[in-house]
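Subject: Structure handover

Hello,

Here is the structure I said I would pass on. My notes on it follow below.

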Amino acid sequence: MNAALRPTRRLLAAALNPSKDHGMTPGPMALLPPVYLYRRLLRAHRKYLPQEMRLLGDEYIKAEFRAHQSVDNPAHLIGFLTEWQLYAQKIEGNSWVGEKLDKGKVEKMSDEQIGQLYELMQAIQKRGTEGDLEDGDGGESGQKSQ
């Protein structure tokens, strides 16, 4: 093979990262191993979330990581770990409050994932109404009656 046609690391990097600034942008985020990411998520919940949200979030994280223990497809694992790592960064940066789901991600979800999302929404709403009933104010917590 001609030496001029042989791919070099620089050419491969340029092909994989076609940025205009010639490599001055930060590279892709390094993925944490699953166990470290799992621990980081639980610590972030403990530190940044209120008790009721933490309990629901911890249950969900544990169930998701258990369900993905036997996944062999590297693309699925990378996607799974990437999304959970982004979630951890949002929780730690408190940038998740009031954020809506990306429409493109929702469109890519399978029917099973949409079902899980719906179940999660119902669980959150159920916990919210239980909390309102426990407060004894009929769902208007934080508002003074006149």
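The mean pLDDT of the protein chain (the predictor's confidence in each residue, from 0 to 100) is 75, and 64% of the residues reach 70 or more. This is a predicted model, so local features need pLDDT of at least 70 and side-chain atom pairs count only at pLDDT 80 or more, while totals for chains, interfaces and linings use all residues. Residues are numbered from 1 along each chain as its sequence is written, and side-chain values use heavy atoms, with hydrogens and water left out.

Confidence is lowest in helix α1 (residues 9–16), with a mean of 50, and highest in α2, with 93. Over residues 1–7 pLDDT stays under 50, and the model has three contacts there beyond four places in sequence; a contact means heavy atoms within 4.5 Å. Residues 18–23 also stay under 50, with one contact beyond four places in sequence. Where pLDDT is low, the predicted coordinates should not be read in detail.

Overall fold

The protein chain has six helices and zero strands. Helices (H or I, at least four residues) and strands (E, at least two) are DSSP runs, numbered from the N terminus. Of the 146 residues, 13% count as buried, where buried means under 20% relative accessible area, exposed over 50%, and partly exposed in between (1.4 Å probe, protein chains only). Among contacts with a separation of 6 or more, 60% are between residues 24 or more positions apart.

Helix α4

Helix α4 covers residues 74–93. Its 20 residues, at 1.5 Å a residue, should span 28 Å, and the end C-alpha atoms are 28 Å apart, which agrees; the expected span is 1.5 Å times one less than the number of residues. Phe80, Leu81, Trp84, Gln85, Ala88 and Ile91 are buried in α4. Seen down the helix axis, these buried residues fall within an arc of 125 degrees, so they line one face of α4; the arc is that of the directions from the axis to the C-beta atoms. They pack against α2 (34–48) and α3 (51–67). On the face turned away from the buried side, α4 carries the exposed residues Ala75 and Gly93.

At the start of α4, a side-chain oxygen of Asn73 comes to within 2.9 Å of the backbone nitrogen of Ala75. After the helix comes Asn94, with a positive phi near 60 degrees.

For α2, 15 residues at 1.5 Å a residue should span 21 Å, and the end C-alpha atoms are 21 Å apart, which agrees. Its buried residues are Leu37, Arg40, Leu41, Leu42, Ala44 and His45, and what covers them includes α3 and α4.

The largest nonpolar core has nine residues: Leu37, Leu41, Leu42, Ile61, Phe65, Phe80, Leu81, Trp84 and Ala88. Such a core is a set of buried Ala, Val, Leu, Ile, Met, Phe, Trp, Tyr and Cys residues joined through side-chain atoms within 4.5 Å. The elements giving two or more residues to this core are α2, α3 and α4, and α4 gives the most, with four.

Arg40 is buried, with a relative accessible area of 18%. With the same exclusion, Ala88 touches Arg40 and Leu41.

Regards

Definitions and conventions:
Polar contact = N/O pair within 3.5 Å; in protein donor to acceptor, adjacent residues only side chain to side chain.
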